[in-house]
Amino acid sequence: MKIHLASHYGMCFGVREALRATHDAAASSPDVTLLGQLVHNPVVDDHLSQLGIRRASPDAVLDLRQTHAVITAHGTSDARRTALQKAALKVTDTTCPLVRKAHDALALLVAEGYHPVVIGQRDHVEVRGLVGDFPSASVLLDAAEIDQLPAHQRLGIIAQTTQPLERVLTLVAAIKTARPDDEVRFIDTVCHPTKQRQQALEDLLQICDVLVVVGGHNSNNTRQLAARAAAAGASVYQIERPTDLSPRWFRHAKNVGVTAGTSTLDETVRSVMDRLHEIAAEQSITPLQRLLLPLTQHA
Ligand code: SF4
């Protein structure tokens, strides 16, 4: 079995920078509260709690007077950011610049008179932040929801940064078809690292029969990578750690592809690759060699 690592995979610059800034906060303040999950990755969560960083819900009403609050890479609404800056001892804002760009695009559309529309998951923290300053905004993820868009002659659309571009473009086209008399303007806010990882996955799917996707089970872009690979017909296993790998998954595999979501640490991917190479080596041993192995070891 051959193992192929995607040309683009794993942690993006936005997550890296958020982690660095959170480390700095923990080094400079004895009391740090992370407002949400910094990234959707349990390995990172464990690491941060070992540093003594507490975690609270991003929308929680808290007494923050004694704490250094950290806004996660997924961002928040301007209203919430302002409230936090008044309430907390100190605030570190790790909002990714590409999430910030999506906020700016939505604000621009609203300023130009468009009804704001976000293609994304309604309950995702990034989307809640995006629409937080525009309570009338519409959020949709499926063509069946187009009917629920309000009657408005100008619709201004952006996307959650980690949505698959193909799905977004299909939905924008469907909205244009459903609203031929209205002006529909789309600003592409799917982030570049997400696009690179999606394209690298397409390249892997050309040659691989089994795909391993490394990342948190609640990471949106990790789940999107796994869903795309499954839709293309590959056998797909989404894992968080190398210990999740089972050798029987690869019994008949010829080419195994490995990719990872943007919140996955490099060291996690490296240890998954190491474990896969071990499995490949174990599988290259013939049944006769396996029987003889204890004898040769004791010869
Ligand atoms: S996935 Fe994209 S938007 Fe999100 S943190 Fe990474 S670079 Fe920024």
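Helices (H or I, at least four residues) and strands (E, at least two) are DSSP runs, numbered from the N terminus. With that in hand, welcome to this predicted model, where local features need pLDDT of at least 70, side-chain atom pairs count only at pLDDT 80 or more, and totals for chains, interfaces and linings use all residues. Residues are numbered from 1 along each chain as its sequence is written, and side-chain values use heavy atoms, with hydrogens and water left out.

Let us begin with the sheet. Four strands form an open sheet in the order S3-S2-S4-S5, with parallel pairing; two strands pair if DSSP finds at least two bridges between them. At the edges, strand S3 (54-56) and strand S5 (90-93) each pair on one side only. From one strand to the next, the twist averages 25°. Strand S2 (residues 32-35) is joined to S3 by three bridges in the parallel sense, and leucine 35 stands opposite alanine 56 in S3.

Angles run from 0 to 180 degrees between N-to-C directions, with axes fitted to C-alpha atoms, for helices over the stretch in contact; contact means heavy atoms within 4.5 Å.

| Helix | Lies across | Angle |
|---|---|---|
| H1 (residues 13-28) | S2, strand S4 (68-71), S5 | about 175° to S4 |
| H3 (residues 78-87) | S2, S4, S5 | about 145° to S5 |

Now to the ligand. Around the ligand are residues with a heavy atom within 4 Å, including Cys12, Phe13, Cys96, Leu98 and Thr262. H1 and helix H4 (97-111) each supply at least two residues of this shell.
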